[in-house]
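Take the points in order, and keep the view open as you go.

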Amino acid sequence: MSQLLESEENTPLLKGDLGSDGTLQDAAREVKSRWRSIRVMYFTMFLSSVGFTIVITSIWPYLQKIDDSASASFLGWVVAAYSLGQMVASPLFGLWSNHRPRTEPLVCSIVINVVANILYAYVYLLPSHNKYYMLVARAFVGFGAGNVAVVRSYVAGATSLKERTSAMANMSACQALGFILGPALQAGLSFIGETGVSLGVLDLQLNMYTAPALLAACFGIINILLVLLVLREHRVDDHGRQISAINYISEERVGVMESLGGDIDQVAVITSNILFFIVLFIFAVFETIATPLSMDMFAWTRRQAVLYNGIILACIGFESIVVFLVVKVVSKRVGDRPVLLGGLAVIFCGFFILLPWGNEYPKIQWSDLLNSSTHGLISPTQSSNSTLEPTGCPVQQTWCLFTPVIQLGQYITSDILIGVGYPACNVMSYTLYSKILGPKPQGVYMGWLTASGSGARTLGPVFVSQVYTSLGPRWAFSVICAVLLGALILLAVMYHRLIAFSVRHGRMHE
C-alpha cells in the first residue's frame, strides 16, 4: 500500500513562494494532516468493503440453514437489502456532511453497521421468521454503509484536480483490497464448519456463517477509533490551495464559493449517475449469481461454493488492485473517458462469454425421483460429490432440463474479464463525476451518486434472482449484454460533455 501513496504529498501547497520558514513548516504540517485524514478515508472504504464481501459468498447457504422456506428469489431481496439501506442513507449522510463536521455522520453510520452485523450473527436464534430478520440485518448494514458518500466527498474536496485521479484510484485500490480480504477471510473461516463452537456465555454459535459478521463488527470498532483520533477537516480548490478547514458552510465559505463562479453541467451529472448505476448494476448481478450459478452448473455443495467462490472473488480483488495501478498510469496518458469506454467493452465481453452454448446439460437435482440416465441426472441421496447434501440444478427450475451447462472454463474466463473491466469503470465513473462537480461542496451530489449505485445494487440482485430462477442464465446474461451496449452508446453520445468543471469554464486545460 505504501507504493500507492508514495508520491501523494508532492502537492501544489508546497510549491511557490511561501514567505518564511514558519509558513513553510505550517504548510508542510497542513499537507501531512490532510493526507493522514485522506488515508483514514481510504481505510474506511477498505473496512466498508471488507464488511460487505466477508459474508457475500455465505449468505445463500446461511439463509438455507436458518430458514427452510427461503428461496433463491428471496436471496435476491436479502442481497438487495444492503443496497436499499445504502441508497436511503447516502443522500442523508451526504447532506449531513455538507453542513456539519464529517466525524458525526461517519461515527453514527459505523455504529449502525456494527450493531447490524451483530444482529446478523444472532438471527439463527430467533424462533421464527428468521429470513426476515436476516433481511432487516442486511438492510441496516447497508444503511451504515451509506457513509461511502461522505468518504468520496471528503477525498474529492481534499484533493486538487491533478491529485484526484490518483487519490480516487488509491481509494478504489483500498476498496479492492477489502474485496480480496473479505472473501479470503470467509474462505478461511469456512474451515470452522457449519457446527462450529458454542459460546455459552454469549449464547452464540460461532461457525462459518456467524464468525465473518462478528469480525466485520470488530473492524467497525477499529474504524470508529481512527475517525475520532486521526481525522481532521480539510478542503482545497482545484489548484490545491487550502480554502477552508471546516466542512460546514460559513460566510467565508459562501464568499469563496461565489468567487468560483460557473454552473455545474447537470446533463453530465445525470449521465455520470446513469453510467455509474449501470456499472454497479452489472457487478451486483455478477456477485449475486456467482454462488447459485456455481452450485447449479458445477454441482458444488454449499461449503464448496462458499470456499471456491471466496477464492475466486479474492483473486478478482487482487486483479483489481493491479488494474487500479495500471489505470493511474494509463489515464494520465489517454484521459479518463477512454479508460471508462474500454472498461465497459471488456465487461461486455465477459458476460457474452458467460452465455451457455453446446449440447451438454447440467446435472439435475431431483427432489422425489431416483437416478435417471438422461442429462446426467443424480438423486439427492447419491450426489456426484458423494455427500448426503443434494447437489446439481434443481428440477423446479425447468430451464435446467434444456439449457446447456456453463463450463468452468467459461466461468473463470468471465471472472477474469469482469475483474479487469469493473474496477476500471468504477474508479473512472466517480473520478469523472467529482471533476464534473468542481470545487463546490460535493456531499449531496456524492450522496446521489452513491444512492444511484445502491439502487443498482438493489435492483441487480432482485432482477437476476427472478430472471435466473424463472428463465435461466441465457436470458439473464443476454439482457445484461443489451444493457452494456446501451451504456456504450450513451457514453459515445455524451463523450464531449464529460469533462472537468475547470476545463469546461476555461480555467484549466485537459
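1. Helices (H or I, at least four residues) and strands (E, at least two) are DSSP runs, numbered from the N terminus. On that basis the chain has 17 helices and six strands. Please keep in mind that this is a predicted model, in which local features need pLDDT of at least 70 and side-chain atom pairs count only at pLDDT 80 or more, while totals for chains, interfaces and linings use all residues. Residues are numbered from 1 along each chain as its sequence is written, and side-chain values use heavy atoms, with hydrogens and water left out.

2. How much of the chain is buried? Of its 510 residues, 57% are buried (under 20% relative accessible area; exposed is over 50%, partly exposed in between; 1.4 Å probe, protein chains only). The chain exposes about 20,300 Å², and carbon and sulfur atoms supply 65% of that area (Shrake-Rupley method, 1.4 Å probe; for residues, only the protein chains shown count as cover). Among contacts (heavy atoms within 4.5 Å) between residues at least 6 apart in sequence, 81% join residues at least 24 apart.

3. Now look at the largest nonpolar core, which has 134 residues (buried Ala, Val, Leu, Ile, Met, Phe, Trp, Tyr and Cys residues joined through side-chain atoms within 4.5 Å). Phe351 and Phe477 touch the most other members. Helix H11 (residues 266-298) gives the largest share of this core, 18 residues. Beyond its neighbours within four places in sequence, Phe351 is in contact with residues including Ile282, Phe286, Phe477 and Leu484.

4. Helix H3 (residues 59-66) is mostly covered, with six of its eight residues buried. Among them are Trp60, Pro61 and Tyr62.

5. Ser37 is worth a visit in helix H2 (residues 21-56). Ser37 is buried because its relative accessible area is 0%. A polar atom of the Ser37 side chain lies 2.9 Å from the backbone nitrogen of Arg232. Not counting residues up to four places away in sequence, Ser37 touches Tyr154, Val230, Leu231, Arg232 and His234.

6. For a view of the surface, turn to Phe318 in helix H12 (residues 302-334). Is Phe318 buried or exposed? Phe318 counts as exposed because its relative accessibility is 55%. Phe318, Val322, Val326, Val329, Val330 and Val334 form a nonpolar patch with about 500 Å² of accessible area together (patches: residues with over 30% relative accessible area and no salt bridge; like charges joined within 9 Å, nonpolar side chains (Val, Leu, Ile, Met, Phe, Trp, Tyr) within 5 Å).

7. A search of the whole structure finds four salt bridges (a side-chain nitrogen of Lys or Arg within 4 Å of a carboxyl oxygen of Asp or Glu). In one of them, Arg100 pairs with Glu104, the closest N and O atoms being 2.9 Å apart. Arg100 is partly exposed at 39% relative accessibility, and Glu104 is partly exposed at 29%.

8. Arg497 forms a salt bridge with Asp265, at 3.1 Å between the closest N and O atoms. This pair links distant parts of the chain, 232 residues apart: Arg497 is in the loop between helix H16 (473-493) and helix H17 (501-504), and Asp265 in the loop between helix H10 (251-260) and H11. Arg497 is partly exposed at 30%, whereas Asp265 is buried at 7%.

9. Lys435 and Asp336 also meet in a salt bridge (2.9 Å, N to O). Lys435 lies in helix H14 (residues 408-437) and Asp336 in helix H13 (residues 336-353), so the pair ties together parts 99 residues apart in sequence. Both Lys435 and Asp336 are buried.

Note on methods:
A polar contact is a pair of N or O atoms within 3.5 Å; within protein, one must be able to donate a hydrogen and the other to accept it, and residues adjacent in sequence count only if both atoms are side-chain atoms.
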